Each structure stands twice: as structure tokens, then as C-alpha cells.
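This report describes a single protein chain, beginning with a pair of packed helices and then turning to the overall fold and to selected residues. The sequence and the model are shown here.

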Amino acid sequence: MSEKALRLGTRRSKLAMAQSGQVADAVSQVTGRPVELVEITTYGDVSREQLAQIGGTGVFVTALREALLRGEVDFAVHSLKDLPTGQPEELVLAAIPQREDPRDVIVARDALKFTDLPRGARIGTGSPRRMAQLNAYARAHGLDIEAVPIRGNVDTRIRYVHDGELDAVVLAAAGLNRIGRIEEVTDFLSVDTVLPAPGQGALAIECAADNADLIAALGELDDPFTRVAVTAERSLLAALEAGCSAPVGALADLLADGHVVKEMRLRGIVGTTDGSRTVQLSTTGPVPETYDQAMALGRELAAEMLAQGAAGLMGERAQ
């Protein structure tokens with residue numbers, strides 16, 4: 001490989017630039033080459049519609065993939081939870097680095113915890129998945145909340161709380177970590193309360209499938225455990241025929257005995273956004289050793305969820 005700079009395609013948001021900058025540093029270390037960020041505006045960045053209305057699936061990804069296919073960038077960095085589950089043949093996920101904290105968090109006024117919010121508290125989120133689970137938890141525990149649909153970057157969402165328009169907003173811990181604002185969190189939501197989006201907290205580094213040298217170099221950043229976990233989660237999402245804006249939560253975690261990883265547990269949930277009905281199941285088995293085994297784990301759990309009526313809780317299913 002020559003010393004010519006590698007071009008990394010990234011969205012323009014503060015969060016995207018922060019996580020792409022971290023990947024750029026890591027890629028420079030493994031390749032010995034400089035990496036320059038190429039900012040690309042995606043449809044999801046310019047549209048003011050709710051993600052559920054514009055489909056969610058691929059709205060932050062398509063423009064980056066088109067730049068890759070045109071050869072305008074050498075590789076791209078995505079938030080894995082934004083990626084459609086179908087992978088184009090011409091592109092490959094060369095690396096899925098070690099995952100950040102996958103949990104959702106609350107940023108609330110007066111440093112309040114979720115369960116301490118007053119009756120009628122207005123909680124902002126753009127995610128049907130978060131709405132479904134927060135409302136289900138509230139119903140089960142006698143809380144009175146109103147989930148309010150919002151859009152915007154992290155700054156915009158937190159400002160709704162500071163300005164008094166909302167009592168709290170729900171965000172991803174990983175994003176706040178990456179932009180250095182994790183201290184603003186007032187409550188970390190246990191995954192037993194809210195299961196994260198499939199792939200939440202993980203990044204995907206994508207490049208052209210015919211660039212063997214770059215695939216090999218980027219592969220040094222891959223974390224095998226993260227890859228099998230998110231593969232299982234995304235397999236569940238695909239088998240439910242649901243897009244990344246559907247009210248589906250999934251998390252695969254590794255169960256260890258001391259320092260020895262023994263098994264993987266995959267949990268999934270689907271719910272109506274008002275929280276009135278949910279289907280939540282889990283399965284535990286050996287840690288998948290191959291892509292096909294990870295895919296099978298997700299498909300098996302999805303089949304059980306569909307047998308319990310999950311399809312009827314998701315509204316429109318992905319095409």
C-alpha cells in the first residue's frame with residue numbers, strides 16, 4: 001500500500017464525525033497511512049420528517065454507500081444500528097470494532113431517574129422501539145408518562161430538556177460517550193427495562209468487496225465477539241422482516257464463568273408503541289463460531305416470536 005491518504009466517508013453530524021475520527025486514528029495505526037474524513041450529507045440528515053415516516057431503513061446509509069460504489073471514498077463508517085440488514089454484494093463489512101455500552105440512557109431535568117419522573121412527564125424520543133418499551137414499563141409499574149416524538153442531533157434533543165419543553169429525553173449511551181457528554185446522563189436504563197436496538201453501540205466499517213488489501217488491513221480492527229453478537233441481533237431483525245425504525249429491541253450478550261465465556265444469550269422484544277402489547281423472548285446457547293451459526297440463532301428466536309404474534313405488533317413490516 002502506498003502512503004496516499006485513505007478517504008473515510010462519514011456523515012456530518014457531531015457524533016458521526018467523532019466516531020469516524022476515532023476510527024480514522026485506529027486505521028492510521030494499522031495501515032501507517034494518513035486518513036482524511038470526507039463529509040457526506042445523507043437523506044436522514046436533511047429530512048425533518050420522523051424516521052418512522054421516512055422508513056428509517058437506510059436513510060443515513062444510502063449516500064455513504066453510493067460514494068463507496070462510485071469510488072469517491074475508500075471506506076465508510078456507519079452506526080451499525082442504522083444499517084439495513086441486507087448487505088450489497090459489492091460491499092463488505094470489513095470490521096466491526098469492539099462495541100461501546102449498548103444501553104439507552106435518560107437525560108432528565110433536575111437530575112431525575114426514570115422512575116422518579118413526575119406524573120404526566122413528557123419524554124422525548126424519535127424511536128418507536130423506545131416508545132414501546134418505556135410505555136410498557138410505565139404500564140406495568142403504575143407510572144404515568146407521555147412519549148413525545150422528536151428529531152434532531154444530541155445537542156438539539158438535550159436542549160429540549162434544558163429549555164423546559166420536555167422533562168427528559170432518551171439517548172444512546174454509546175453516542176454520548178463518543179462525544180464526551182456521558183456526564184449529562186441522569187439514569188442508565190437497564191437492558192431489563194429497555195432492550196437496545198439491534199447493533200446499538202457498535203460501528204460498522206464498510207469498503208468495496210474487491211479491495212482485498214484494505215479489507216485485510218481494516219480486519220485488524222474487528223472484534224469477533226461483537227461481530228457474532230450483532231450478527232445474531234440483526235438476523236433476528238431480518239427474520240422479523242422489520243426495518244431499523246421498527247419497535248424491535250434485541251441484545252446478544254456473552255455469559256461468562258469467571259474469565260471463560262461459556263454461552264451467548266439472545267433477547268428480543270417487539271411491542272406496540274403504546275406499550276399495551278409486547279412479545280419478549282430469549283434463547284441461550286453455545287457462542288456462535290461462524291456467521292451461519294450466529295444467523296441461525298437470530299432466525300430461531302424470531303420464529304418463536306412470530307409464533308407468539310410478533311408480526312401483528314410492528315405495524316408495517318419492511319419490504
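Helix 9 covers residues 224–239 and helix 10 covers residues 291–307, and the two pack at an angle of about 40° with their axes 7 Å apart. Axes here are lines fitted to C-alpha atoms, for helices over the stretch in contact, and angles run from 0 to 180 degrees between N-to-C directions. The crossing of this pair is right-handed, a term used when the near helix is turned clockwise from the far one by less than a right angle. From helix 9, V228, T231, A232, S235, L236 and A239 meet residues of helix 10 that include Y291, A294, M295, L297 and R299, where contact means heavy atoms within 4.5 Å. By class, this contact has 12 nonpolar, 3 polar and 1 charged residues, with Ala, Val, Leu, Ile, Met, Phe, Trp, Tyr, Cys and Pro counted as nonpolar, Asp, Glu, Lys and Arg as charged, and the others, Gly among them, as polar.

The model is predicted, so local features need pLDDT of at least 70 and side-chain atom pairs count only at pLDDT 80 or more, while totals for chains, interfaces and linings use all residues. Residues are numbered from 1 along each chain as its sequence is written, and side-chain values use heavy atoms, with hydrogens and water left out.

The protein chain has 10 helices and 13 strands, which are DSSP runs numbered from the N terminus (helices H or I, at least four residues; strands E, at least two). With 319 residues, a compact globule would have a radius of gyration near 20 Å, and the value of 19 Å for the protein chain agrees with this; the radius is taken over C-alpha atoms, and the globule rule is 2.2 Å times the number of residues to the power 0.38. Buried residues make up 53% of the 319 residues, where buried means under 20% relative accessible area, exposed over 50%, and partly exposed in between (1.4 Å probe, protein chains only). Among contacts between residues at least 6 apart in sequence, 71% join residues at least 24 apart.

In helix 4 (residues 62–69), A63, L64, R65, A67 and L68 are buried, and the buried residues of this helix pack against strand 1 (6–10), strand 3 (75–79), strand 4 (91–95) and strand 10 (203–208). Just after helix 4, G71 takes a positive phi of about 80°.

| Residue | Relative accessible area | Class |
|---|---|---|
| T115 | 43% | partly exposed |
| L189 | 3% | buried |
| D110 | 60% | exposed |
| A111 | 59% | exposed |

T115 is in the loop between strand 5 (104–108) and strand 6 (121–125), and, leaving aside neighbours within four places in sequence, T115 is in contact with Y137 and L143. Most residues other than glycine have a negative phi. D110, although not a glycine, has a positive phi of about 55°, and A111, also not a glycine, has one of about 60°.

L189 lies in the loop between strand 9 (187–188) and strand 10. L189 and D104 are 85 residues apart in sequence and 5.6 Å apart in space, C-alpha to C-alpha.
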